[in-house]
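Visitor: Hi! I'm new to this one. Could you walk me through it?
Guide: Happy to. Let's bring it up.

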Amino acid sequence: MRYEDIKELRSDRIKVITEDHILLNEIHDELMQSIVEIAVAEVKSELGSPPSRFAFFLMGSAGRFEQSFWSDQDHGIIYEKSNNENANYFIRLGKEISKGLSICDYDLCDGKVMASNPLWCKSIDEWERQVSGWLTEDSWQSLRNISILFDSRVLVGESDFLRVLKDIIFKRLDKEQNIIFRLLDNVGYVKKGIGFFGQLLPETNSKGKGHIHIKEKILFPYVNSVRLLAFKERIYLPSTLSRFNHLTAFYKDMKEYEETFHRILELRLHFQKRLNEDDNVNLISIEALSSNEKKEIKIMMKNGYKLFQKTKGIIQQRG
Amino acid sequence: MDPIYLMNNVFIIVCFTLVLLMQGGFILLEAGSTRMKNAGHIAGKTIFTVGVASIVFWAVGYGFIYGEGNAFIGLSDFFFGDFTSEVDGLAGSTDFMFQLAFAAIALTIAFGGFAERAKLTAYVVFAIAFSAIVYPVVAHWIWGDGWLADLGKQDFAGSTVVHLTGAMAALAATIILKPRIGKFNKDGSPNDLAGHNQVYTALGVLVLWVGWFGFNAGSTLGVDGAFFGYVALNTQLAAAAGAIAAMFIVWALSGKADIPTTLNGALAGLVAITASCAFVAPWAAVVIGVIGGLIVYASMKFFEKMQIDDPIFALSVHGIAGIWGTISTGFFATPELAAMNGGEAGLFYGGGLTQLGVQTIGVVSSGLFAFVLSFIILKVMVTIMGGIRVSEEEELIGLDMAEHGSYGYPENMPTEENKAPGA
């Protein structure tokens, strides 16, 4: 199979999906696995078999198992042994995978969170040092990298490699109370979607005029809250829904938020069906919304803010 | 109608506009001294908070200062609006306007401590609290019928009332807000978060310098006797001496004639002479300005060493120079001028330690009061508002975008915002 075949397969299969969020993400996983296999074969024909064990892992919306029809790529590689040969080999593989994903309509990541970038493609030793370094550096960007890395799961390769990195994060959280406050502040910029008079607030930039950014305004307060609580409760799982599942054991009213979150994912797919491929998938036109949809969106937003406030309270009180 | 009465009123209204225009000086000074991503915010919030200060001053501020009350606070003349009244030889409303402009200046100075990281809502709430309580109480003590006025405290145009009060609020704010991201390294060493436009800063200083003639000369409250010319003379000399002294000291100690320090020297000279302009000889004004220029540099270094972030140097320029200016009359007040404008002669004119003592009590009590009350207000705000500082991300993208939705310099800023975690 070639990348182009997968691209075709992708457009065929994805069209069929209606509003089943889980099925859609399973299909994404299968497609991406096939793409990685082709990439591995391609690099193998060029440079031989992989010189060491490795893990190719997903981050971002793919990592959280909440991709919509179109998503960009966020991924990295962890390989076993640190040497020049391995570094060159896996960067080459990272580039090949990025290229393959891009051919198959998974857009390149603007922030370069991709295995083709040496920052996200390292040996396990280097990764350990990098993660510890990020935590020690304690800058906005380095902690953002920790949050990005935390929403991760292995798609192809050694699943325990990633666990080692999450263990480092958890150990540091045990030792240093302050880090969780810093992680909270790192995502503390909640973009308001509802105005003083209860109206929906459209984006102000030229591209988004008259639209709501569904990801930033509706989804992120949930995703960020649940990630923070996952840090706190030492949950390894990356998907927001499975994190919710675990959190219900610790926090009673999580169930209610989980339901709303599930509904948001469905609604997003519902809106995205109306879009053309070139449209920004995260922007929904306010004009096109029915008054019931508007009402529902407002409730979703309000609950998201409430959840974030609640999370803030939990973290600040108990550290 | 008495032509002198009319002239006085015309003069003071002109001085009011000069003092109001000093806000333009602050806009340029603050915007120039901070980074590009906050320029629109820092300029725009000044206009907005002058609005808040004006309404609050009209409603309660003026009454708390000049109303009938006790030694601590005035308690009448709220919602000022009597067109028949006469105060200090001026129409009441003329006097009111002049006083209002001073209150707004004190507030803008206080906001120097908020720069580049406070939430917009924090500006709103603190503008109300400061204009309603902090400033009026100190102003009442010294300029109203307060206990420091009874002691004979000399503060002609407000080194203490306006500048020190503002600076103490700025100090409380900057301590509570903590330093801007990147100002200090983990080992405590400071970084220079350079302002984005020295030309703005210099123009800001010039606008302030010009406005200061309304501030100081206008504080004669009339044209009778034309004493304002003398006050203006002292003001000019001190500002000039401050600029020269500051440039000299920074050049002598660092080898470079740093521009922001020089500009702060001019301002320190102006702040220092504000209390003393009507009490001292011109040679003393030069000395007061020189010392102002020297201590402002020392103070800038001191606060940096203490790891207190003072983005617009409000603590040094208005605080330390304000203290020096107030105390300076205790040394330099001449017997003739003290007899004319209140209080006693200074130490160097055989007045002994009396006036120096009064000035010191005034500085300590007013400074402490303004600091403690501002600190309490801000702490309460932190609790109620869930913090008064923007999130780290907002601080990094700049308050222009985070709080106002557009950049002051749109062409120079990225159009795409920062990447969210794993977006």
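**Where the chains meet**

Guide: The contact draws 23 residues from chain A and 13 residues from chain B, two residues being in contact if their C-beta atoms, placed from the backbone, lie within 7 Å. This is a predicted model, where local features need pLDDT of at least 70, side-chain atom pairs count only at pLDDT 80 or more, and totals for chains, interfaces and linings use all residues. Residues are numbered from 1 along each chain as its sequence is written, while chains are lettered from A and ligands numbered from 1 in the order in which they are written.

Visitor: Which helix gives the most to the side of chain B that touches chain A?
Guide: Helix α14 (residues 392-397) of chain B, with four residues. Helices (H or I, at least four residues) and strands (E, at least two) are DSSP runs, numbered from the N terminus.

Visitor: Switching topic: what order do the four strands of the open sheet in chain A take?
Guide: The order is β3-β2-β1-β4, with mixed pairing; two strands pair if DSSP finds at least two bridges between them.

Visitor: Which strands stand at the edges?
Guide: β3 (121-123) and β4 (153-157) of chain A. Each has a single partner strand, so one side of each lacks a neighbour in the sheet.

Visitor: And in what sense do β2 and β3 of chain A pair?
Guide: Parallel, over three bridges, with β2 covering residues 75-79. Tyr79(A) is opposite Ser123(A) of β3(A).

Visitor: Which strands does helix α5 of chain A lie across?
Guide: Helix α5 (residues 124-137) lies across β2 and β3 of chain A, at about 110° to β3(A). Axes are lines fitted to C-alpha atoms, for helices over the stretch in contact, and angles run from 0 to 180 degrees between N-to-C directions.
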